[in-house]
Amino acid sequence: MLALIGLAVGVVAGVLLHPTVPPELAPYLPIAVVAALDALSGAARAVLDGLFDDRVFVVSFLSNVMVASFIVFLGDQLGVGSQLSTAVVVVLGIRIFSNAAAIRRRLFKA
Amino acid sequence: MTHPKEPPRPGSPQLGQRDRGGGGRRSAWQILGRALLPRFSRAQATAALLCAALGFAAVTQVRHAAQADYSGLRESDLVELLDRLSQRTEDLSGQNLALETQLRELESTRGQAEAAAQATDERVRIQGILAGTLPAEGPGVILRVYDTGVRVTASTLYHLVQELRNAGAEAMSLGDTRITASTWIADGVQGGEGVIEIDGTAIFPPYEFRAIGDPETIEVALNIPGGALAVIRSAGGTSYVTRESSLTIEAIAAAPTFEFASPVPEP
């Protein structure tokens, strides 16, 4: 419950505060968001499995974001930034899908 | 607010919950419901914090993407865009140049065509008046010759025509016939009586000349002593000359067709 409230508070804050993205962070923010979504879906799955652990959640959330951003940064340095960010998005997308499938199986037995 | 958070592996409440539920469908929903209960624990608090960060970042990114400007693009993408743009600019300016050249060519062609058409029009008007194929108007004189008893002969009328030409008449008609370079006047016979024929048409007195030219010059020339009108008077005829500031010659001649003569081609 608090998680949903936190999400809502974050969204409202984003809408109200009108933040601008610093240009040097612009390539990493979308990847970081997708990585965080992956961590969130993993956490939801863990909740349903009864395996949720907040420390695991925090660590996986932060490491996901950091690793994804680092990969994109590395890609930018190597000159394959756009391809690598595509790769990261694809991988994270697959993970989000499999987590969603697991949650669905737990909830609906289907 | 249960702070002592030691490794909670085996005895964690979550595990216990799952064990109790036995993995059934109902229990999954129960777990979900319990997770959604407004409880305050450290786990909930950290999850809320991270979710807030995620929401904030997501909204920021969505707004950023919605701006759809180039600030979010990578350097390589920007370079590629710039390359494509300059390539396109080059193509378009090349096209522009070609089209402008074409436009200029077409305009000069049109100017030439217009000038040629104007010259042709002008020539057609001049030729039409010269050849008598167009009606003419302008200042001039009307000359009527009355045949009182004594016959006016064709050669007298012919002299009159020559006199008018000498006086600068530019277009002339006799009766309903336009006088051109090839007009002929002759004495003829019709129904046993002598008549005057002009281009094969018999005409009868009074003979009406219409001539376009300087009225004053023509009148003076006609009345010159020993001139054409003097000859008519001495032959017993009478004539009247009236000056007209505006005179119309409606009679037109058929355009001549040339059987033998053709223009020398221009070098």
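Domain bounds here come from an automatic or database domain assignment. On that basis, chain B of this predicted model is divided into domain 1 (19-67), domain 2 (73-131) and domain 3 (135-249). The centres of domain 1 of chain B and domain 2 of chain B, taken over C-alpha atoms, are separated by 67 Å.

Chain B meets chain A through an interface in which 44 residues of chain B contact 45 residues of chain A. About 3,900 Å² is buried between the two chains, and carbon and sulfur atoms give 68% of that area. Three residues, B:Leu50, B:Leu54 and B:Arg74, supply 17% of the area that chain B buries against chain A, more than any other three residues. The count of salt bridges between chain B and chain A is zero.

Over all chains, the count comes to seven salt bridges. In chain A, the side chains of A:Asp49 and A:Arg106 form one of them, at 3.4 Å from N to O. A:Asp49 belongs to helix 2 (residues 28-49) of chain A and A:Arg106 to helix 4 (residues 81-108) of chain A, so the bridge ties together parts that are 57 residues apart in sequence. A:Asp49 is buried, at 16% relative accessibility. A:Arg106 is also buried, with a relative accessible area of 15%.

In chain B, a salt bridge joins B:Glu122 and B:Arg125, whose closest N and O atoms are 3.0 Å apart. Both residues lie in helix 4 (residues 75-131) of chain B, three residues apart, about one turn of the helix. B:Glu122 is partly exposed at 38% relative accessibility. B:Arg125 is partly exposed at 46%.

B:Arg144 and B:Glu208 also meet in a salt bridge (3.1 Å, N to O). This pair links distant parts of the chain, with B:Arg144 in strand 1 (residues 136-146) of chain B and B:Glu208 in strand 7 (residues 207-212) of chain B, 64 residues apart. B:Arg144 is partly exposed at 28% relative accessibility, as is B:Glu208 at 22%. Together with B:Arg210, these two residues are linked in a network of salt bridges.

B:Thr177 is placed in strand 3 (residues 177-179) of chain B. Its relative accessible area is 15%, under the 20% cut-off, and B:Thr177 therefore counts as buried. Leaving aside residues up to four places away in sequence, B:Thr177 touches B:Met172, B:Ile198, B:Asp199 and B:Ala251.

On chain A, a nonpolar surface patch of about 450 Å² is made by A:Val11, A:Val12, A:Val15, A:Leu16 and A:Leu17. A:Val12 is found in helix 1 (residues 2-17) of chain A. At 45% relative accessibility, A:Val12 is partly exposed.

Methods: Residues are numbered from 1 along each chain as its sequence is written. Chains are lettered from A and ligands numbered from 1 in the order in which they are written. This is a predicted model: local features need pLDDT of at least 70, side-chain atom pairs count only at pLDDT 80 or more; totals for chains, interfaces and linings use all residues. Side-chain values use heavy atoms; hydrogens and water are left out. Patches are made of residues with over 30% relative accessible area and no salt bridge: like charges are joined within 9 Å, nonpolar side chains (Val, Leu, Ile, Met, Phe, Trp, Tyr) within 5 Å. Accessible areas come from the Shrake-Rupley method with a 1.4 Å probe; for residues, only the protein chains shown count as cover. A salt bridge is a side-chain nitrogen of Lys or Arg within 4 Å of a carboxyl oxygen of Asp or Glu. Helices (H or I, at least four residues) and strands (E, at least two) are DSSP runs, numbered from the N terminus. Buried means under 20% relative accessible area, exposed over 50%, partly exposed in between (1.4 Å probe, protein chains only). Contact means heavy atoms within 4.5 Å. Buried area is the accessible area (1.4 Å probe) that two parts lose on being put together, summed over both.
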